[in-house]
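Here's a quick briefing to read alongside the model. Grab a viewer and follow the topics in turn.

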Amino acid sequence: MSQDEARPYSFTLDPFPQQAPEWNRASAFYDHLREGRLTTTRCRTCDLVSWPPRSVCPECHGDDLEWIDLPTEGRILAATVQVAGTPPGFPAALVFALLEFTPDVRFIGRILTEDLEAAVADRMASLVVQEVSRDRVVPAFRLV
Amino acid sequence: METRKVAVVAAGTSQKWGIFPGTYRDLVAEAGKAVFDSCPALSGGDIEGFIASSVMPERNVFQSHVAPLAAETLGVRPTKLFQRVENMCGSGTVAIRNAYTAIACGLADVIMVVGAEKMHTPEWGETVLNMLVGVDREWEGAVGVTAPVQFALTAQMHMRRFGTTVEQLAAVSAKNHRHALGNPYAQFPKACTIDEVRASKPVAAPFTIFDCSSITDGAAAVVLVCEERAREFTDQPIYLLGTGQAASGFNYANVHADWSEWPTLRTAVGSAYRMAGVGPGDIDVAEVHDCFSISEVIVTEEMGWAEKGGGGAFAAEGRSTYGGDVVVNPRGGLLGCGHPLGATGVAQATEVFRQLRGEAGPRQVDGAAIGLTHNLSGVAEHHVVIYGREEAL
């Protein structure tokens, strides 16, 4: 039995976001992610592409937003391997990289790799879907 | 607009930072007692305004509404201003800025700022998990990103762009642990070499455990008053000469593209220098936010003390210690003292207060007349205050 199942569920000890539409207006992001797509929102009024996804545009404050696909491959700008001090549920070692998907969209992604030295600047990494507790998904990446 | 000048008249900290043997209330009491004991003219009844700086008591001690808890503990009944401040790691300096603003505009004459954080819980895993609340939980915390990862990536970018070395990072750590030897409340006073820093337990490349500030229980408090009333409390008031603040963004990956530069810090310290009428070369002593060794490297550049890209060499060449250009982190900084989030900025102010009064004992910077504190809440949110002795007004 996983630790997850052994304890009664506690939302405030759960590191993963609620992804269902009744809890999260960006729930479509997770639906797309299950399909292997990496998406975010674009404002139909002023064309601004935002990361993270939004429900209101931070530029023009319009709320007419659409989902667009981002490239599923990103370029590593910097990488690190964390071997101590990881939170519960994230056993070390963890490889993290700052990934650039477009000139304006970057995020810090987990790189799933056995070779802890392999994630280095300028390498590319592509999306994989990582399943986590309670039927949820988070983005992760593998080196190309 | 004509504003009033504001002075710090009393300051103190809890006795030994680390794992505090007591409750959150006990921690507040210990720091408050240190302040009242240091200033016999001051009593709880003098204090008109009260600001508590505390980041995550909801998580770590299961308690909200900590401003009245702390005020009640110290026998303070605010009549002019009352609040709690939470801006993550920079909360303490934000609280001091709020107190300054209220006194400068005449809202109150005497305000106490108490920073307190009891971070250790009986469950270490829960304590570490709680640190996820300080990052973008949905988009960064959810994949396991915490501060050591964010700043390790920052270090990697600085090393790649400027050739900063792990030995230069270790020089910051060795210096601040050595400085902490002179500070009775520091959690990690230690004479260590660059080789010992490098040989300590790896955390997140390029950091070892010595490159990282720790999870710490600690508290500090200061009392600020208007110039007209400063002499009621002390013969040696220390004046707030200037302050600045700037911030951009929350989701770490998108605050700005190149984390080896901290443009919002240049904005914040530029405002503080202008307001104080001083420049980088006028600062005698500084407490800056070395949450990780790379932070002090970049801070010394953006402050104008080291050339851009030269922050590593600045530390390695001894320019940020006694006898150098400016003594950075004489109390040991966050690396040497530990980092009790909401208390850190208040403790930095306490150190500069003591240094400018000549009361810093074995860690005294000779002749220090102008001091600076810098607190950050991520690479793109910075809070700066410059203090001076009366003759600097």
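Between domain 1 of chain A and domain 2 of chain A, this predicted model has 4 residue pairs in polar contact, both partners at pLDDT 80 or more.

**Domain 1 against domain 2 in chain A**

- Helix H2 of chain A, residues 27-34, gives the most to the side of domain 1 that touches domain 2, with 4 residues.
- That side of domain 1 of chain A splits into 8 nonpolar, 3 polar and 3 charged residues.
- As for the bounds, domain 1 of chain A runs over 17-70 and domain 2 over 71-144.
- The contact draws 14 residues from domain 1 of chain A and 15 residues from domain 2 of chain A.
- Their C-alpha centres sit 21 Å apart.
- Interface size is often quoted as the accessible area lost when the parts come together.
- Here, domain 1 and domain 2 of chain A bury about 1200 Å² between them, with carbon and sulfur atoms giving 71% of that.
- On the domain 1 side, Leu33(A), Leu38(A) and Leu70(A) lose the most area to domain 2 of chain A, together 46% of what that side buries.

**Chain B against chain A**

- In this interface, 37 residues of chain B are in contact with 40 residues of chain A.
- The buried area between chain B and chain A comes to about 3000 Å², and carbon and sulfur atoms give 63% of it.
- How many salt bridges does the rule find across the interface of chain B and chain A? The count is 1, and Arg160(B) and Asp122(A) meet in a salt bridge through their side chains at 2.6 Å, N to O.
- Polar contacts between chain B and chain A number 11 residue pairs, with both residues at pLDDT 80 or more.
- Helix H5 (124-130), helix H6 (147-162) and strand E5 (202-204) of chain B are the elements that give two or more residues to the side touching chain A.
- H6(B) gives the most to that side of chain B, with 8 residues.
- By residue type, the side of chain B that touches chain A divides into 20 nonpolar, 9 polar and 8 charged.

**Salt bridges inside the chains**

- Side chains of opposite charge can pair when their charged atoms come close.
- Over all chains, the structure holds 33 salt bridges.
- Within chain A, the side chains of Arg44(A) and Asp64(A) meet in a salt bridge at 2.9 Å, N to O.
- That pair links distant parts of the chain, 20 residues apart: Arg44(A) is in the loop between strand E1 (39-43) and strand E2 (49-50) of chain A, and Asp64(A) is in the loop between E2 and strand E3 (65-69) of chain A.
- Arg44(A) counts as partly exposed because its relative accessibility is 45%, and Asp64(A) is partly exposed too, at 36%.
- In chain B, Arg229(B) and Glu48(B) pair up at 3.8 Å, N to O.
- These two are 181 residues apart, with Arg229(B) in the loop between strand E7 (218-226) and E8 of chain B, and Glu48(B) in the loop between helix H1 (24-38) and strand E2 (49-53) of chain B.
- Are Arg229(B) and Glu48(B) buried or exposed? Both are buried.
- Another chain B pair is Arg266(B) with Glu261(B), whose side chains form a salt bridge at 3.1 Å, N to O.
- Arg266(B) has a relative accessible area of 38%, so it is partly exposed.
- Salt bridges with shared partners tie Arg161(B), Asp258(B), Glu261(B), Arg266(B), Glu301(B), Glu302(B) and Lys308(B) into one network.

**Covered spots in chain B**

- Helix H10 of chain B, residues 293-302, is mostly covered, with 10 of its 10 residues buried.
- Among the buried residues of H10(B) are Ile294(B), Val297(B), Glu301(B) and Glu302(B).
- Just after H10(B), Gly304(B) takes a positive phi of about 95°.
- Gly242(B) lies in strand E8 of chain B, residues 238-247, and counts as buried because its relative accessibility is 0%.
- Setting aside neighbours within four places in sequence, Gly242(B) is in contact with Ala272(B), Met275(B), Ala276(B), Val384(B), Val385(B) and Ile386(B).

Definitions and conventions. Residues numbered from 1 in each chain as written. Chains lettered and ligands numbered in written order. Predicted model: local features only at pLDDT ≥ 70, side-chain atom pairs only at ≥ 80, totals over all residues. Heavy atoms only, no water. Domains from an automatic or database assignment. Contact = heavy atoms within 4.5 Å. Buried area = accessible area lost by both parts, 1.4 Å probe. Polar contact = N/O pair within 3.5 Å; in protein donor to acceptor, adjacent residues only side chain to side chain. Nonpolar A, V, L, I, M, F, W, Y, C, P; charged D, E, K, R; others polar. Buried < 20%, exposed > 50% of the residue type's maximum accessible area, 1.4 Å probe, protein only. Salt bridge = Lys/Arg side-chain N within 4 Å of Asp/Glu carboxyl O.
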